[in-house]
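Please open the model in your viewer and keep the selection panel at hand. The stops below each say what to select and what can be found there.

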Amino acid sequence: MSNIFLIGFMGTGKSAIASYLARNYGMNIIEMDETIEQREGTTINSIFKTKGEEYFRDYETNLLKEICREDNYVVSCGGGTPMREENVKLMREHGTVVLLNATPETIYGRVCHSHNRPLLNDNMSVEHIAELLSVRRPKYQAAADIVIDTDNKTKKAISDEIIHRIAK
Ligand code: S3P
């Protein structure tokens with residue numbers, strides 16, 4: 001199977017759906033944030049604080065280049081990965097880009113207890129999420145081959161929909 005890149009805002013379920021797809025459809029999985037944390041030996045929060053966002057963004061691009069040499073991977077991207085045109089080009093050339101959508105309220109419910117999301121840590125609110133989301137939405141939409149609404153759907157329903165739409 002060719003690669004699947006799951007993109008979308010923080011808290012849209014990229015990691016959970018990637019795990020489900022890997023388990024049930026025999027794909028290998030890469031969680032980009034987790035991989036970067038493991039390799040750097042520290043949290044995303046601390047990478048942003050000590051080395052800066054640009055360092056993290058370059059790390060993401062380099063990791064993506066590495067992943068794009070492989071096949072049969074489901075990749076849980078960071079929420080900001082599709083903000084770089086170079087990343088979008090890489091993903092579209094090496095697999096199917098699947099956008100997971102959710103409302104700001106659903107997202108808030110999923111991320112409100114997290115302290116490891118530097119872009120939300122200082123302002124964890126539905127309003128701030130909605131604002132960031134409206135800036136990002138055009139880029140997410142433009143990057144996606146397939147768009148899936150995830151609100152009130154189970155992991156199984158979302159994953160089956162992804163596989164069904166890729167097979168079309
Ligand atoms: C980010 C999303 C995070 C992580 C970092 C930046 C973003 O990933 O990469 O905090 O810019 O939206 P998740 O979407 O997995 O939370």
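This is a predicted model: local features need pLDDT of at least 70, side-chain atom pairs count only at pLDDT 80 or more; totals for chains, interfaces and linings use all residues.

**Stop one: the ligand**

Residues are numbered from 1 along each chain as its sequence is written, and side-chain values use heavy atoms, with hydrogens and water left out.

Now display the polar contacts, that is, pairs of N or O atoms within 3.5 Å, with the further condition within protein that one atom must be able to donate a hydrogen and the other to accept it, and that residues adjacent in sequence count only if both atoms are side-chain atoms. Arginine 57 places a polar side-chain atom 2.7 Å from an oxygen atom of the ligand, and arginine 117 has a polar side-chain atom 2.8 Å from a ligand oxygen atom. From the backbone, a polar atom of glycine 80 is 3.3 Å from an oxygen atom of the ligand. On its own the ligand has 390 Å² of accessible area, of which the protein covers 96% (areas from the Shrake-Rupley method with a 1.4 Å probe; for residues, only the protein chains shown count as cover).

Is arginine 57 buried or exposed? With a relative accessible area of 12%, arginine 57 is buried, on a scale where buried means under 20% relative accessible area, exposed over 50% and partly exposed in between, using a 1.4 Å probe and protein chains only. Leaving aside neighbours within four places in sequence, arginine 57 is in contact (heavy atoms within 4.5 Å) with Phe48, Gly80, Thr81, Arg84, Leu119 and Arg136.

Next, select the aromatic rings, of which the structure holds 2 pairs; rings of Phe, Tyr and Trp (its six-membered ring) pair if their centres lie within 6.5 Å, and planes under 30 degrees apart count as stacked, over 60 as edge-to-face and the rest as tilted. Phenylalanine 48 and phenylalanine 56 have ring centres 5.1 Å apart and planes at 45°, so this pair is tilted. Phenylalanine 48 counts as buried at 15% relative accessibility, and phenylalanine 56 counts as buried at 3%. The rings of tyrosine 55 and tyrosine 59 have centres 6.0 Å apart and planes at 65°, so that pair is edge-to-face. These two tyrosines are 4 residues apart in helix H4 (residues 53-67), and are therefore separated by about one helical turn. Tyrosine 55 is partly exposed at 30% relative accessible area, whereas tyrosine 59 is buried at 18%.

**Stop three: helix H1**

Select residues 14-25, the 12 residues of helix H1, which at 1.5 Å a residue should span 16 Å, and whose end C-alpha atoms are 16 Å apart, in agreement with that value (the expected span being 1.5 Å times one less than the number of residues). Lys14, Ile17, Ala18, Tyr20, Leu21 and Ala22 are buried in H1, and the buried residues of this helix pack against strands S1 (3-7), S2 (28-31), S3 (73-76) and S4 (95-101) as well as helix H8 (155-167). Just after H1, look for glycine 26, which takes a positive phi of about 60°.

Asparagine 72, in the loop between H4 and S3, has a positive phi of about 60° although it is not a glycine. Asparagine 152 likewise has a positive phi, near 60°, and lies in the loop between strand S5 (146-149) and H8, where asparagine 152 is exposed with a relative accessible area of 84%. In the loop between helix H6 (104-111) and helix H7 (126-143), select serine 125, whose side chain reaches the backbone nitrogen of histidine 128 at 3.1 Å.

Finish with glutamine 141 in helix H7, which is partly exposed at 38% relative accessible area. Glutamine 141 and isoleucine 7 are 134 residues apart in sequence, yet their C-alpha atoms are 9.9 Å apart in space.
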